[in-house]
Number of protein chains: 2
Amino acid sequence: MKNCVIASTSTLFGGSYLDYLLNALSELYKDTDEILFIPYARPSGISHDEYTAKASEAFQQIDKQVVGIHTFSDPLDALKKTTGVFTGGGNTFLLVSQLYKHAMMQPLRMAILNGLPYLGTSAGSNICGLTMQTTNDMPIVYPPSFKTLGIVPFNINPHYLDPISNSEHMGETRETRINEFHTQNTVPVVGLREGSWLRATNHEIILKGDLSARVFEQNKSAIELGPGTNFARLFV
Amino acid sequence: MKNCVIASTSTLFGGSYLDYLLNALSELYKDTDEILFIPYARPSGISHDEYTAKASEAFQQIDKQVVGIHTFSDPLDALKKTTGVFTGGGNTFLLVSQLYKHAMMQPLRMAILNGLPYLGTSAGSNICGLTMQTTNDMPIVYPPSFKTLGIVPFNINPHYLDPISNSEHMGETRETRINEFHTQNTVPVVGLREGSWLRATNHEIILKGDLSARVFEQNKSAIELGPGTNFARLFV
């Protein structure tokens, strides 16, 4: 039993924080008024308080209260008691390090597998994969492990980016990076473009939004799968 | 005593492998005919042999032989005997993992500090910094440490990329990523644009090429420093 929204990005170009997801979030959190926010990824280095205020402002639009997990003296107890969680984006290495530091990876995983409504955006989605090894982020801290929640049976590449036409930059494209991952790993990778999210409920993992996702498996050519695809049936 | 060329990229847009560096490399390797190549970073997953052949072809233009370190049963002995080293680009996590696996990080560091001519491109330059934590690469393997050679007293961001104007992508810019690094670390970062390299000799680390480098220090605004700048005098 799962009840998750796993989104590529929190914010679309020209949009405001979480706005394009509000309908999906009203449904996800329909049985809770208060959401426990995990701000550990600290995008651009903003503080836990600032980040929580930003999430709070967005959730006011659907009448939900947001409380930061950093405000609890016992965050594991807060996790145990909550009826809804949201992990925001930022730096995945920092997020994963903090989750391990607070011994939260396994309890969070078990809570989600037991049905706790969960929203992840960007880094918060990346950790829903088996490992964080298809993150786009810089390794600004050294986490004790790259293993993550394993809520879905594959890895996620959020903010998936197609090659930029006419670019004269010689750095690797996203696809090249994911192919390099597959020289060392067998785990499938789902590249989620901005505007896409996965809706995981019970035994389904459905691609939502208007765009296709790009799917990479070891020793296969990448393929595009459209909205409505059930990713729970793939890779088995 | 150092004698290094630390280059942002191996290849410029529209150019061929190492061509823009050949004059600098003739000087770097003037006292050696054979270069020991470290192919561990495996760009796009190519094999050690394929990668060595590519390096070999480029160095034929300046009459140098190239031999891959992977062809030796005792790579540390090969390192001890060589009179010139080149570490190619690819995936920095893989490169660093392999250097630790072969117990090569410290011997390579000592050899370079004792004057062994060294060329690094991309990942091979990234490891000249104090840590690999400003790499652009995906964490496709888990290295035992992020600490690297520390040949220069700062970190390097190769393939430094300015924000793309009119981009509607919401992923972080390179500058944002480096600023996130500085929320957790005090080490200065030099962003080397493609076409730039650092020439480290004795007590100088001079910026070469036509472009400026972008320099990031914790709690300071980023600045641009032009060709000819001596980076050995900064950050002290």
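Here is a friendly conversation about a predicted model with chains A and B.

Visitor: How much area is buried between chain A and chain B?

Guide: Let's begin with who takes part: chain A gives 48 residues to the contact, and chain B gives 48 residues. The size of an interface is often given as the accessible area lost when the parts come together. Carbon and sulfur atoms give 61% of that area here, and the total is about 3,800 Å².

Visitor: Which residues in chain A lose the most area to chain B?

Guide: The area buried between the two chains is about 3,800 Å². On the chain A side, three residues together make up 19% of what that side buries. They are A:Met138, A:Tyr142 and A:Met170.

Visitor: How many residue pairs are in polar contact across the interface of chain A and chain B, and how many salt bridges are there?

Guide: Side chains of opposite charge can pair when their charged atoms come close. One salt bridge joins the side chains of A:Asp137 and B:Arg177, at 3.5 Å from N to O. Across the interface there are 19 residue pairs in polar contact, and the number of salt bridges is two.

Visitor: Which element of chain A gives the most to the side that touches chain B?

Guide: The elements that give two or more residues to that side are helix 4 (92–101), strand 6 (155–160) and helix 7 (174–181) of chain A. The one that gives the most supplies six residues, and that is helix 7.

Visitor: How do the residues on that side of chain A divide into nonpolar, polar and charged?

Guide: Recall that chain A takes part in the contact with 48 residues. Those residues divide into 20 nonpolar, 20 polar and eight charged.

Visitor: Which residues have the most contacts inside the largest nonpolar core?

Guide: This core has 103 residues. As an example of its contacts, A:Phe231 touches A:Phe154, A:Val190 and A:Leu198, among others beyond its neighbours within four places in sequence. The residues with the most contacts inside the core are A:Phe231 and B:Phe231.

Visitor: Which side chain does B:Asn3 join in a polar contact of 2.9 Å?

Guide: B:Asn3 lies in strand 1 (residues 3–7) of chain B. B:Asn3 is buried, with a relative accessible area of 18%. Beyond its neighbours within four places in sequence, its contacts include B:Leu28, B:Gly115 and B:Tyr118. The side chain that B:Asn3 joins in the polar contact is that of B:Arg199.

Visitor: What distance separates the C-alpha atoms of B:Cys4 and B:Thr201?

Guide: B:Cys4 is also found in strand 1 of chain B, and its relative accessible area is 0%, so B:Cys4 is buried. Along the chain, B:Cys4 and B:Thr201 are 197 residues apart. Their C-alpha atoms are separated by 6.6 Å.

Visitor: What is the phi of A:Ser122, and what is the phi of B:Asn219?

Guide: A:Ser122 sits in the loop between strand 5 (118–121) and helix 6 (123–126) of chain A, and counts as buried at 9% relative accessibility. B:Asn219 is in the loop between strand 10 (213–216) and strand 11 (223–225) of chain B, and counts as exposed at 76%. Neither residue is a glycine, yet each has a positive phi. For A:Ser122 phi is near 55°, and for B:Asn219 phi is about 65°.

Note on methods. Residues are numbered from 1 along each chain as its sequence is written. Chains are lettered from A and ligands numbered from 1 in the order in which they are written. This is a predicted model: local features need pLDDT of at least 70, side-chain atom pairs count only at pLDDT 80 or more; totals for chains, interfaces and linings use all residues. Side-chain values use heavy atoms; hydrogens and water are left out. A nonpolar core is a set of buried Ala, Val, Leu, Ile, Met, Phe, Trp, Tyr and Cys residues joined through side-chain atoms within 4.5 Å. Buried means under 20% relative accessible area, exposed over 50%, partly exposed in between (1.4 Å probe, protein chains only). Contact means heavy atoms within 4.5 Å. Helices (H or I, at least four residues) and strands (E, at least two) are DSSP runs, numbered from the N terminus. A polar contact is a pair of N or O atoms within 3.5 Å; within protein, one must be able to donate a hydrogen and the other to accept it, and residues adjacent in sequence count only if both atoms are side-chain atoms. Buried area is the accessible area (1.4 Å probe) that two parts lose on being put together, summed over both. A salt bridge is a side-chain nitrogen of Lys or Arg within 4 Å of a carboxyl oxygen of Asp or Glu. Ala, Val, Leu, Ile, Met, Phe, Trp, Tyr, Cys and Pro count as nonpolar, Asp, Glu, Lys and Arg as charged, and the others, Gly among them, as polar.
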